[in-house]
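Hi,

Here is the structure I promised to pass on. Have a look at it first, and then read my notes below.

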Amino acid sequence: MKTRVTEIFGIDYPIVQAGMVWCSGWRLASAVSNAGGLGIIGAGSMHPEILKEHIEKCKQATQKPFAVNVPLLYPDITQLMNIIVETGVKIVFTSAGNPKIWTPFLKQHGIKVVHVVSSAKFAVKSEEAGVAAVVAEGFEAGGHNGREETTTLCLIPQVVDAVKIPVIAAGGISSGKSMLAAIALGAEGVQVGSRFVASEESSAHKNFKNKIIQTGEGETLLTLKELTPVRLIKNKFFNLVEEAKKNGASAEELKILLGKGRAKKGMFEGDLEEGELEIGQVSGLIKNIQPAAEIVQEIMQEFEEGIRKLKGL
C-alpha cells in the first residue's frame, strides 16, 4: 500500500509506532521498522546520553528508516536536538509544544518533521510551521491528550479538510479495521500506540503489559485537566487524584500529589497501584502480548481483508 506517508518516510506500510515514554526504546522501534512500518524512539523519558545510546543501537538493529519523538516541553531539549542532528536521525516527531520553534532548525539539517495535534486549528499552525505531516490524535488515545475531547472519528475529517499535508490518524487505532476506517476518513497513515505497548519488544514492565491485556471497557479515563490531560487506567493513584479534585485541590496541590516519577513507577517499574498507567481506551480490545512484527502483519492483513469485503458489497 502506497500513500504520501509511505513515500515521505520510505516505508512499506503506512503504520507508525507511537513514541511513548518508558515504552518506546530501540528494540521496539527497530522491530517495527524491520517489519515495514515506522518505528519511533520515545525521547520524552530519556536523558540525552540515553537517547544517543538508543539511536546508535537502533541504527545497528535496522537498516530501515526510524524516527525520534521529542516532546517540546522537555527541559534539556537543545541537547536532544543536537544529538538528533549529530547521530544522523532523518525523521523527528514533535509534540506538546509550538512546532514553529524547532521545525526550521531540524529542516535546515535535512530532517523531516511531523507534529502531533489534537485539533484542526493546531494542524493548520503546524502546516504553516513547515512540517511534512501531522498526527491527528483523538480523545481515545492514551497518555497526554488534547483538552478538546474530540474523538478520532470527528477529528480526522476536520484535519484532512483543513490542511494539504498528509494526515496520520491516531487514537483508538489498533487493528486493520480501525486503520481502514481512518483511511476512509482521509488519513494517509495511522499511528498505533497502546497495542505496541503490549508488544514483546516494548520496554514497558511485564506487570504493566499484563495489566493492559486485562483492562476492560471503561477502565481508562482522562484526568488531570488542571495540569496536563492524561488518560490512565484506574488504580489507587488514579483514585487519589480524583478524590483530591473532588475535595477542591488546587493545581499546585495536584502537582505535589503527582510528585516525580509516577509514570516511570507505573509503566517502567511495574507498580500497578502507586504509578501512572497511561494507556488508550483501545486497551479493552488488546488480549495478548505479541511480537511487534506480528502486530504489523496482522494489522495489514486485516486491512486488506476489509478492503476486499467492502469491494464485495
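Before the helices, a word on handedness: a crossing is left-handed if the near helix is turned anticlockwise from the far one by less than a right angle, and right-handed if clockwise. Helices (H or I, at least four residues) and strands (E, at least two) are DSSP runs, numbered from the N terminus.

Bear in mind that this is a predicted model, where local features need pLDDT of at least 70 and side-chain atom pairs count only at pLDDT 80 or more, while totals for chains, interfaces and linings use all residues. Residues are numbered from 1 along each chain as its sequence is written, and side-chain values use heavy atoms, with hydrogens and water left out.

Now the helix pair. α8 (residues 176–184) passes α14 in a right-handed crossing. Their axes (lines fitted to C-alpha atoms, for helices over the stretch in contact, with angles from 0 to 180 degrees between N-to-C directions) come within 7 Å and cross at roughly 60 degrees. That makes α8 oblique to α14, since angles under 35 degrees count as roughly parallel, over 145 as roughly antiparallel, 65 to 115 as roughly perpendicular and the rest as oblique. The contact (heavy atoms within 4.5 Å) includes Met 179, Leu 180 and Ile 183 of α8 and Ile 299, Phe 303 and Ile 307 of α14, among others.

On to the cores. A nonpolar core is a set of buried Ala, Val, Leu, Ile, Met, Phe, Trp, Tyr and Cys residues joined through side-chain atoms within 4.5 Å; buried means under 20% relative accessible area, exposed over 50%, partly exposed in between (1.4 Å probe, protein chains only). The largest one has 72 residues, and Phe 196 and Phe 208 have the most contacts inside it. Helix α14 (residues 292–311) gives the most to this core, with six residues. A second, separate core of 15 residues includes Phe 9, Ile 40, Ala 67 and Ile 91.

Val 114 sits in strand β5 (residues 112–117) and counts as buried, at 0% relative accessibility. Beyond its neighbours within four places in sequence, Val 114 is in contact with residues including Phe 9, Val 92 and Ile 168.

Most residues other than glycine have a negative phi. Ala 96, though, has a phi near 55 degrees; Ala 96 is in the loop between β4 (91–95) and α5 (103–108) and is partly exposed at 42%. Leu 224 also has a phi near 55 degrees, but Leu 224 is buried, at 3% relative accessibility.

Cheers
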